[in-house]
Amino acid sequence: MTADVIVLNGGSSSGKSGIARCLQAVLPEPWLALGTDTLVDAMPASMRASDAGIEFAPDGRVAIGPEFRALEAAWIEGVAAMARAGARVIVDEVFLGGADSQGRWRKALGGLRVVWVGVRCDSAVAAGREVARGDRVAGMAASQADVVHRGVVYDLEVDTTHAESMQCARTIAARLG
């Protein structure tokens with residue numbers, strides 16, 4: 001199976017970004033790696049603490065407002081446009097809305113060859129990584145570990161609880177043929 005887009009979905013600190021970097025190293029063609037962190041980092045700081053934007057609660061919950069959703073919709077369409085223009089794209093995502101989140105991506109990526117990958121990680125292991133990283137709100141990993149997979153349909157799943165990013169990337173690359 002060849003692909004235009006690889007969507008990696010998993011909770012915070014599950015290992016998606018590491019897998020994306022390893023995929024870039026093992027896949028023969030150049031791939032862009034873009035993720036939800038890319039989108040959040042591109043937004044004005046004022047939207048990172050606003051009811052209309054995105055808020056990170058002290059317990060790790062994430063609240064999404066209408067201005068964030070509008071920018072996210074444009075960003076998703078932009079990623080799809082890059083893929084349609086010939087760029088191969090690895091998307092590092094957190095489907096906070098489970099199947100609804102996947103539905104937004106499916107609609108935008110219609111007509112493209114997409115490989116949907118679930119990136120799972122035991123919530124305690126992800127929470128430990130979260131603490132070690134030091135750049136996340138404590139509790140995000142545990143609160144997202146399962147909810148991001150609810151109702152989502154995958155072509156392939158990997159589990160980073162005991163597997164390294166490179167091993168997971170090779171599993172995904174082998175699926176691409």
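Predicted model: local features only at pLDDT ≥ 70, side-chain atom pairs only at ≥ 80, totals over all residues.
1. A residue is called buried here when its relative accessible area is under 20%. Ser13 has a relative accessibility of 6%, and therefore counts as buried.

2. Ser13 belongs to the loop between E1 and H1. Its backbone deserves a look: phi is positive, about 65 degrees, although Ser13 is not a glycine. A positive phi also occurs after H3, at Gly86, where the value is near 115 degrees.

3. Ser14 is found in the loop between strand E1 (5-9) and helix H1 (16-26). With 3% relative accessibility, Ser14 is buried, because the cut-off is 20%. A polar atom of the Ser14 side chain lies 2.8 Å from the backbone oxygen of Gly11. Once neighbours within four places in sequence are set aside, the contacts of Ser14 are Val119, Cys121, Arg129 and Thr160.

4. Which polar atom lies 2.4 Å from the backbone oxygen of Ser14? The atom belongs to the side chain of Thr160. Thr160 lies in the loop between E7 and helix H7 (165-176). Its relative accessible area is 2%, so Thr160 is buried. Not counting residues up to four places away in sequence, Thr160 touches Ser14, Ile19, Val119, Arg120, Cys121, Arg129 and Cys168.

5. E7 pairs with strand E6 (residues 114-120) in the parallel sense, over four bridges. Within this pairing, Glu157 of E7 is the bridge partner of Gly118.

6. Helix H3 is next. The 19 residues of H3 should span 27 Å at 1.5 Å a residue, and the end C-alpha atoms are 27 Å apart, so the two values agree. The buried residues of H3 are Phe68, Glu72, Trp75, Ile76, Val79, Ala80 and Ala83. These residues lie on the same side of H3, because they cover an arc of only 140 degrees around the axis. An α-helix has 3.6 residues a turn, so residues three or four places apart point the same way. On the face of H3 turned away from the buried side are the exposed residues Pro66 and Ala70. Note that Glu72 is listed among the buried residues.

7. Gly78 is also found in helix H3. Gly78 has a relative accessible area of 31% and is therefore partly exposed. The C-alpha atom of Gly78 is separated by 9.0 Å from that of Ala108, although the two residues are 30 residues apart along the chain. Ala108 is one of the buried residues of H4.

8. On H4, the buried residues are Ser101, Gln102, Trp105 and Ala108. They line one face of the helix, because they fall within an arc of 125 degrees when seen down the axis of H4. The exposed residues Asp100 and Lys107 are carried by the face turned away from that buried side. What covers the buried residues of H4 includes H3, E5 and E6.

9. How many aromatic pairs does the model contain? The count comes to two. In one of them, Trp75 and Trp105 are edge-to-face, with 5.7 Å centre to centre and 90 degrees between the planes. This pair links distant parts of the chain: Trp75 is in helix H3 (residues 66-84) and Trp105 in helix H4 (residues 99-108), 30 residues apart. Both Trp75 and Trp105 are buried.

10. The other aromatic pair is formed by Phe95 and Trp116. Its rings are tilted, at 6.5 Å centre to centre and 55 degrees between the planes. Phe95 lies in the loop between strand E5 (88-93) and H4, and Trp116 in strand E6, so the pair ties together parts that are 21 residues apart in sequence. Phe95 is buried, as is Trp116.

Key:
Residues numbered from 1 in each chain as written. Heavy atoms only, no water. Pairing = 2+ DSSP bridges. Helix = DSSP H or I, 4+ residues; strand = E, 2+ residues; numbered from the N terminus. Phe/Tyr/Trp six-rings, centres within 6.5 Å; stacked < 30°, edge-to-face > 60°. Buried < 20%, exposed > 50% of the residue type's maximum accessible area, 1.4 Å probe, protein only. Polar contact = N/O pair within 3.5 Å; in protein donor to acceptor, adjacent residues only side chain to side chain. Contact = heavy atoms within 4.5 Å. Expected span 1.5 Å × (residues − 1). Arc of directions from axis to C-beta.
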